[in-house]
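Hi everyone, thanks for letting me take a few minutes today.

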Amino acid sequence: MPNEPLLTVQSLTVGYGGSTALDSVSISIYPEELLSVVGANGAGKTSLIRSIAGVVRPLDGEIRWRGVDIAGFPPWEICELGIAQVPEGRELFRNLSVEENLLIGGSLKRARARRSGNIQQVYGLFPRLLERRLQAAGTLSGGEQQMLAIGRAIMAEPELIMFDEPSIGLSPSLTRAMFDIVKMLHAKKTTILLVEQNVADSLSIGDRGYVLENGHVVLEGTGAALLTNKEVRRAYLGL
Ligand code: ATP
């Protein structure tokens, strides 16, 4: 790899009560990379994103952002550093309007001065959100809510966006649209961590990928190499 990693997760262990969700997991993400992390239900994908985002406190290990260990930092400080997430449950303010949700996403110090320009950019990307700017977020369709969660992340001008199963609950055509948005953000040089159960689509757009099983990294490689890996094909693609 030509550059230093933007983010390095080193020997990360996460547990809840007596159970271990991640057991000494190490991954790196390089600048402008689209990294796919795939795995079955319960493999630990969400725990990885939530610990990087500061929502879950790891039991052990390091999370280095540009070389600084940020493990245990509170979530708002992690957002201010330029790390945003599009969480699995979207986690919108359901009673607030589309526009209010976007304004909240843009209220971080790092992006506040450019909030009105950024909101126009989000509306340009998702005209559906502009049409519905005064509608309560909780009344949007699933696909529209996913657009809003992505728009809210973009409002923070992140360097790294972490997507937790963005295709979940979406129709095949909306799933394709979602992957197109991820590709478009990647083309604009945003670094992306994409967590998916949709292994084929995710690895086919990923520069590199990791396979998580029961809290362990069991395989890593380029997206193309993982897609042709015998184990991946057997276990995840039913081939
Ligand atoms: P999915 O694809 O089903 O969302 P995942 O790969 O994202 O799964 P995690 O959500 O990280 O996996 O869960 C990993 C393990 O940790 C699972 O066994 C899960 O039951 C457990 N776990 C996750 N969150 C909690 C919690 N708050 N309390 C107790 N156990 C939890």
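Predicted model: local features only at pLDDT ≥ 70, side-chain atom pairs only at ≥ 80, totals over all residues.

How many helices and strands does the protein chain have? The count comes to 10 helices and 10 strands. The radius of gyration of the chain is 17 Å, close to the 18 Å that the globule rule gives for 239 residues, so the chain is as compact as a globular protein of that length. If you picture a box around the C-alpha atoms, taken along the principal axes, it is roughly 45 × 40 × 40 Å.

What does the record say? UniProt, in an unreviewed entry, places the feature "domain: ABC transporter" at residues 7-239. That span is 38% helix and 27% strand, and its end C-alpha atoms lie 33 Å apart.

Now for the sheet. Let me give you a bit of background: strands of a sheet pair through backbone hydrogen bonds, either parallel or antiparallel. Here we have an open sheet of four strands, in the order β2-β1-β4-β5, and the pairing is antiparallel. Which strands stand at the edges? They are β2 (19-29) and β5 (68-69); each has a single partner strand, so one side of each is left without a neighbour in the sheet.

Let's follow β1, residues 7-16. On one side, seven bridges join β1 to β2, and one example is Gly15, whose bridge partner in β2 is Thr20. These two strands form a hairpin with two residues between them. In that turn, Gly17 has a positive phi of about 60 degrees. β1 also pairs with β4 (residues 60-65), in the antiparallel sense, over five bridges. There, Leu7 has Trp65 as its bridge partner.

Last stop, the ligand. Which of the 13 residues around the ligand come nearest? Those are Asn41, Gly42, Lys45, Thr46 and Ser47. By class, this shell has four nonpolar, six polar and three charged residues. Helix α1 (residues 45-52) gives the most to the shell, with three residues.

A ligand oxygen is 2.6 Å from an N or O atom in the side chain of Ser47. For the side chain of Glu165, the distance from an oxygen of the ligand to an N or O atom is 3.0 Å.

Note on methods: Residues numbered from 1 in each chain as written. Heavy atoms only, no water. UniProt positions renumbered as here; feature names shortened; annotations may be inferred. Near = heavy atom within 4 Å. Polar contact = N/O pair within 3.5 Å; in protein donor to acceptor, adjacent residues only side chain to side chain. Nonpolar A, V, L, I, M, F, W, Y, C, P; charged D, E, K, R; others polar. Pairing = 2+ DSSP bridges. Rg over C-alpha atoms; globule rule 2.2 N^0.38 Å.
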